[in-house]
Amino acid sequence: MIIGVISGSVVSSHQTLNMNSLPLRIVRKVVPYGEITDTYVVAVDTLGASDGEYVLVASGSTARQTSMTDSRPVDAIIMAIVDTWHIDGEVRYDKSKEFEK
């Protein structure tokens with residue numbers, strides 16, 4: 001599982017039939033201390049995450065264990081939208097603080 005930030009979407013006019021209606025988002029990996037990396041993954045968005053939101057992404061066979069992705073060729077799925085994370089007692093991210101800016 002990785003922490004990532006939504007940085008865009010993928011739109012495909014031609015895809016396998018069982019992938020129809022699955023929204024695809026571009027997620028940029030974030031290291032736990034908050035640094036955004038240059039590593040990206042395309043993930044199925046089952047939650048409706050918005051650009052700039054921090055999310056948790058599961059990959060591999062785990063990504064196919066939801067009712068929305070069962071038996072589909074999915075390798076990564078957005079499984080949660082992050083509200084906060086803490087490391088060594090220090091808040092590294094707090095979604096509610098984003099609205100104070």
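Guide: Helices (H or I, at least four residues) and strands (E, at least two) are DSSP runs, numbered from the N terminus. This is a predicted model, where local features need pLDDT of at least 70, side-chain atom pairs count only at pLDDT 80 or more, and totals for chains, interfaces and linings use all residues. Residues are numbered from 1 along each chain as its sequence is written, and side-chain values use heavy atoms, with hydrogens and water left out.

Visitor: What pattern does the chain follow along the sequence?
Guide: The chain has seven strands and one helix. Read along the sequence, the pattern is β-β-β-β-β-β-β-α.

Visitor: Where in the chain is confidence lowest?
Guide: pLDDT is the predictor's confidence in each residue, from 0 to 100. The chain averages 91, and 97% of the residues score at least 70. Strand E2 (residues 24-30) is highest, at 97. The lowest mean, 85, belongs to helix H1 (residues 95-98).

Visitor: In what order do the five strands close into a barrel?
Guide: Two strands pair if DSSP finds at least two bridges between them. Strand E1 (residues 2-10) and E4 pair in the antiparallel sense over four bridges. The barrel's pairing is mixed, and its order is E1-E2-E3-E5-E4.

Visitor: Which kind of aromatic pair do Tyr 54 and Trp 85 form?
Guide: Rings of Phe, Tyr and Trp (its six-membered ring) pair if their centres lie within 6.5 Å; planes under 30 degrees apart count as stacked, over 60 as edge-to-face and the rest as tilted. A search of the whole structure finds three aromatic pairs. For Tyr 54 and Trp 85, the centres are 5.5 Å apart and the planes stand at 70°. That pair is edge-to-face.

Visitor: Why is the pair of Tyr 54 and Tyr 93 called tilted?
Guide: The ring centres of Tyr 54 and Tyr 93 are 4.4 Å apart. The pair is tilted because the planes meet at 45°.

Visitor: How many residues apart in sequence are the parts that Tyr 54 and Tyr 93 tie together?
Guide: Ring pairs link Tyr 54, Trp 85 and Tyr 93 into a cluster. Tyr 54 lies in strand E4 and Tyr 93 in strand E7 (residues 90-94), so the separation is 39 residues.

Visitor: Are Tyr 54 and Tyr 93 buried or exposed?
Guide: Buried means under 20% relative accessible area, exposed over 50%, and partly exposed in between (1.4 Å probe, protein chains only). Of the 101 residues of the chain, 33% count as buried. Trp 85 is buried. Tyr 54 and Tyr 93 are both buried.

Visitor: Which residues does Met 79 contact, leaving aside neighbours within four places in sequence?
Guide: Met 79 is found in strand E5 and is partly exposed, at 39% relative accessible area. Its C-alpha lies 9.5 Å from that of Met 1, 78 residues away along the chain. Contact means heavy atoms within 4.5 Å. The partners of Met 79 are Met 1, Leu 47, Leu 56 and Ala 58.

Visitor: Which residues does Asp 83 touch, not counting those up to four places away in sequence?
Guide: Asp 83 lies in the loop between strand E5 (76-81) and E6. Asp 83 touches Tyr 93, Asp 94 and Lys 95.
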